Amino acid sequence: MAARDKHGPDAPWGDGFKVIGKPNRKVDALAKATGEAIYTDDISLPNMLHSKTLRSPHAHAKILSIDTSKAEALEGVYAVLVGSELPIKYGVIPWTPDENVLATDKVRFIGDEVAAVAAIDEDTAIEACELIEVEYELLETIVTAEQALVTPEPPIHDDRKKRNNISKHVELEFGDVDAQVDDADLVVENDYYFHSTTHTAIEPHCAVATFGNDGRLTLWSSTQITHYVHRALSRVLEMDPAKIRVIQPNVGGGFGGKSDPFALEFITAMLSKKSGRPVKMLWTREEVFYAHRGRHSMQMHYRTTAKSDGTITSVDAKLLIDGGAYSSFGLVTTYYSGQLLTGPYAFPNYRFDSTRVFTNRPPCGPKRGHGSVQPRFAFEVQLDEVATKLDIDPIEIRRKNFLGENTTTINGQRITSNGFLECLDAVEEASDWKSKHRKMRYGTGIGVAGSMYISGTNYPVYPNKMPQAGVQLKVDRSGLVTVFTGGNDIGQGSNSMVAYCVAEEMGINPDSIKVVAADTDLCPVDLGAYSSRVTFMVGNAAIDAARKMRNKIVEAVAEHWKVEKESVRIIDGTVYNLDNDEETLSQREAFHVTEEKFDTLGSTGSYNTPTLGGDYRGGTIGSSPAYSFTSHVAEVDIDTETGEIEVKKIWVAHDCGRALNPILVKGQIEGSTYMGAAEVSLENYEMNRFSLHAGPSLLDYRIPTTLDTAEIEALIVESIDPEGPYGAKEAGEGPLHSAIPAVANAIYDAVGIRLRELPFTPAKVLAALKEKDEVTADA
Amino acid sequence: MLRMPKFKVLNPATVAEAVDAIQQVEGSRFIAGGTDINPNLKHRLLEPECLVALNGVEEIFGISQTEFGLRIGAMESLTNVETNTLIQQLAPGLASASRQVSGPQLRNMGTIGGNVMLDTRCKWYNQTYFWRKSLGFCLKKDGDVCHVIKGGSKCVAAASNDTAAALSTLQAELEFANAQGSTRIAIDKLWQADGIWNKKVGPHDLLVAIHLPAALLNQKGSYKKLRDRNSIDFPLLGIAARLKISDNIVDDCALCVVALQARPWPLDKASALLIGTTVGSDAFNEALKACCAIAAKQCRPMPNIPGDHAYRHAMVPVFIRRAILSCLD
Ligand SMILES: Cc1cc2nc3c(=O)[nH]c(=O)nc-3n(C[C@H](O)[C@H](O)[C@H](O)COP(=O)(O)OP(=O)(O)OC[C@H]3O[C@@H](n4cnc5c(N)ncnc54)[C@H](O)[C@@H]3O)c2cc1C
Ligand code: SF4
């Protein structure tokens, strides 16, 4: 199948890239800059109703009864929905469907959804929700992960086979870890903690649904995975998927927070069915906080053994993961927490034991760098400690343990291109590392860390042998090329990327391409914007489709001019005869010539991953067709009196394979780095003693302002991947990971304290400084 | 988005009309820039049937020198206060505090009058209706318990208005108007230790202007604010200092702290220690130490606003010292 063809990373026309690698404008830049772009909440349909959700004020309770009669009687109310009307459970991972659209039997966190109302306006819907009477029987609340581990009763999900609060347990060992301890020159062992944080995309979730008289449903939703929403709707509403159309309008950021099917998508659909009118639901910021699916907090224990020259001989990890109330992507999170650590360094022996538990708090899920940001933090801090103890430069120890390219990790992941060493070189030079590390004045310091991440995985969430990404081209007599892709552009620029690839391949200008994306009626399936898979997979599918079309055009024009195909060259939308300077065709003319020969023009392209992964249960989870690599160096200034950490500057080098558009790649590197650095001491998804989110607002949840962000120097490393679209790999998530441990390691360089528990609040810094002073005084 | 409740808006053009308008409907409130009251309305912390908008009342605008000293109309925006050259010169501590209120957009809308009259804040109170209901509300609104002090019968929500601290060090006099006429109250006399309503005037008293006495103008002043982010955030601790220095001797000193408890708190005992010392002398340094130590004893932050209150406490002496030293820069 063409999908598995290697397109090769080279320029298609043999004389250099015309579009790829250039700082082209995003296809939607003007619409977004002028406010013309349509987001879900901009959609308003005739007779549209507005809907609201009644949420649980209890963290864990049985529902004894729900009485909606008063709400139904309120003037302006058109439909009321309760959980028993949609009893089928769903979940993004097909093995763990444990969510109901609205609670059927019990509620599992404060903010869990109980009932919904569609009314003439939002105020009426809110008033009606207040009139719904729910009788609860309170259950013991499972507050912490430790409690969940040892408290099987009451199980938060009591319909599972196992009566306990363990969501997923994975234990895998590669090599013999314990055997290394005795032979090691150095053993470093410590506990680490990563707190929960959330995405805070600027656009809150929104959905608009309309049920036509023909029994067809159309749903517009701010999702990053139209395909899974489509499948989930069909399952829960028990509808023929051919009668459901899911459309993703412009999305104001996702970062993983829009990758599950969410209740509002089903609620608006059902309320529309019941009321016979279109229905909208727009969440408040508070509701977005309750939907969460953000970063899991993890308690981590790591033990690294090493030789005196710095060679790592084994890594042992035990992780306790707080999943919150539902599974979400938790099965994958649990695997990722171990599977993605086995590069960029060679681990000769490795073991991880990860347990995800259920607690009565909003569910965690995938946030940028899903499952692997937390272990990366712990390990990179530990590696820094190994370097310090062995008196090896932290950059050197990372070079020393370099995994290499075209190799396989201990857990069976195939590594192709690997530019990690170049990343280290780049940040070392740019940051002037050699004259700074261990040489700066007390209070200031510099630290390094490295990481790797997937460019999609070959685990397609639901098992199937069909392509992971498909693209369809329509070539019009007007000269326009329309590209249909299931890919979800959530602001990262995937529609632009598709246009660049098609333009490059066909020799035309991106301006003459229109991208129609993420509409299940119109576009071939793509699995969605998650796991950093879109550029790699949709990019390859786009090239595949465009290459087939190009071949047709070249063939038709060659025949028309009666020349060899090699003599036909398309440059910037003009077709040239290399044998005859005089002879050219415009793009439009060439399309006519081609249509005359081949009839109506179209082509399809697709991508599927090659067979990858270790030959063991879970061996395909986290196995990617290509891995990106990153290194960060951070420079900090610590106020030793207040404990405040100021990150002055971050240098980040990222190996993205080939930068299809360097501006967009830099944007992703910077955005990831900012987001990671903010998790060091600002952002904290905190619960209070009532098991209620401590401050679900943009005032209390501290995302950084421009004044709180370090200067960032983004450096692009291009390793040119043999299988990526023109050699590209991912850039959207990898460059977050090592930002966090780089800051932690810089703090050590600055003031000699090893902080292992995030977030690094000023109070923790002061406490650690005090402890260090006491130890020094004792000595 | 959170929904705004429904209310009527009146638009008086004069002080007389304003004080008349506010009495027309029981429970009415003034609205100046709206940057405090609007979120509070959305959170259902207030449920007035009517708002009296002050942006058309010309009399309560303007910044000018008067016989008394300096007059700042209550409706002047924080941006105007922060950038006004008279205030920068004559009351640098106030300019500094104004500059540190929230973020630039909010300072364009928010007024100095609204800042003085700001509602107290608490992490259990400045939340949505649903949120507060989930934990059974609290004393300050709709409930009968306090979540900060177990069994407490008094609300200890924190005065969080940055400029109040600076205005206290300047011994500002506040000119109010109501249906009975006009009164002037020294700012330190305005407050009461009740988080539910921390002022001795009522919500129907219109703050017309702030008057700064000439004798305390043109001295050194500063404001130091502890916060998680360098913009937007309310103070976790705010300390204003004013120093009068002649011939290198501290002639006068005033300190005031906010974001601790229900009222801004002048630290007279602490500031008195510095008076009479020569800047930079051992005596000054000793006095500074003692001043910080006393302040740390006096100021006991409670877990009423976000952040670790033990840490906020640890920062009291640090911020006192920094506030004083930055007057000497
Ligand atoms: C995100 C955010 C961050 C903020 N950060 C800070 C901060 O760091 N520091 C800080 O101090 N404030 C902060 N604020 C609060 C607010 O912006 C300021 O306090 C501002 O000065 C309030 O002024 P205003 O004109 O908007 O007041 P309004 O909201 O209009 O009014 C506030 C209160 O004062 C009353 N009032 C207003 N004017 C008068 C008058 N002339 N006479 C009598 N009563 C009157 C109103 O009835 C109301 O009760 C923040 C607000 C937000 C939304
Ligand atoms: S101090 Fe107590 S009563 Fe006052 S707002 Fe906070 S919780 Fe409510």
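I started with I232(B): one of its polar backbone atoms sits 3.1 Å from a nitrogen atom of ligand 1. I call that a polar contact, meaning a pair of N or O atoms within 3.5 Å.

Next I noted an oxygen atom of ligand 1 at 2.7 Å from a backbone N or O atom of A32(B). I also found a polar side-chain atom of N115(B) 2.7 Å from an oxygen atom of ligand 1.

How much of ligand 1 does the protein bury? I got 94% of the 970 Å² that ligand 1 exposes when taken alone (Shrake-Rupley areas, 1.4 Å probe).

A reminder to myself: this is a predicted model, so to speak, with local features needing pLDDT of at least 70 and side-chain atom pairs 80 or more, while totals for chains, interfaces and linings use all residues. Residues count from 1 along each chain as written, chains are lettered from A and ligands numbered from 1 in written order, and side-chain values use heavy atoms, without hydrogens and water.

Where does ligand 1 lie? I see it between chains A and B.

Last, I checked the two chains: 40 residues of chain A contact 33 residues of chain B (heavy atoms within 4.5 Å). They bury about 2900 Å² between them, with 53% from carbon and sulfur atoms; buried area is the accessible area (1.4 Å probe) lost by two parts on being put together, summed over both.

How values were computed. Near = heavy atom within 4 Å. Polar contact = N/O pair within 3.5 Å; in protein donor to acceptor, adjacent residues only side chain to side chain.
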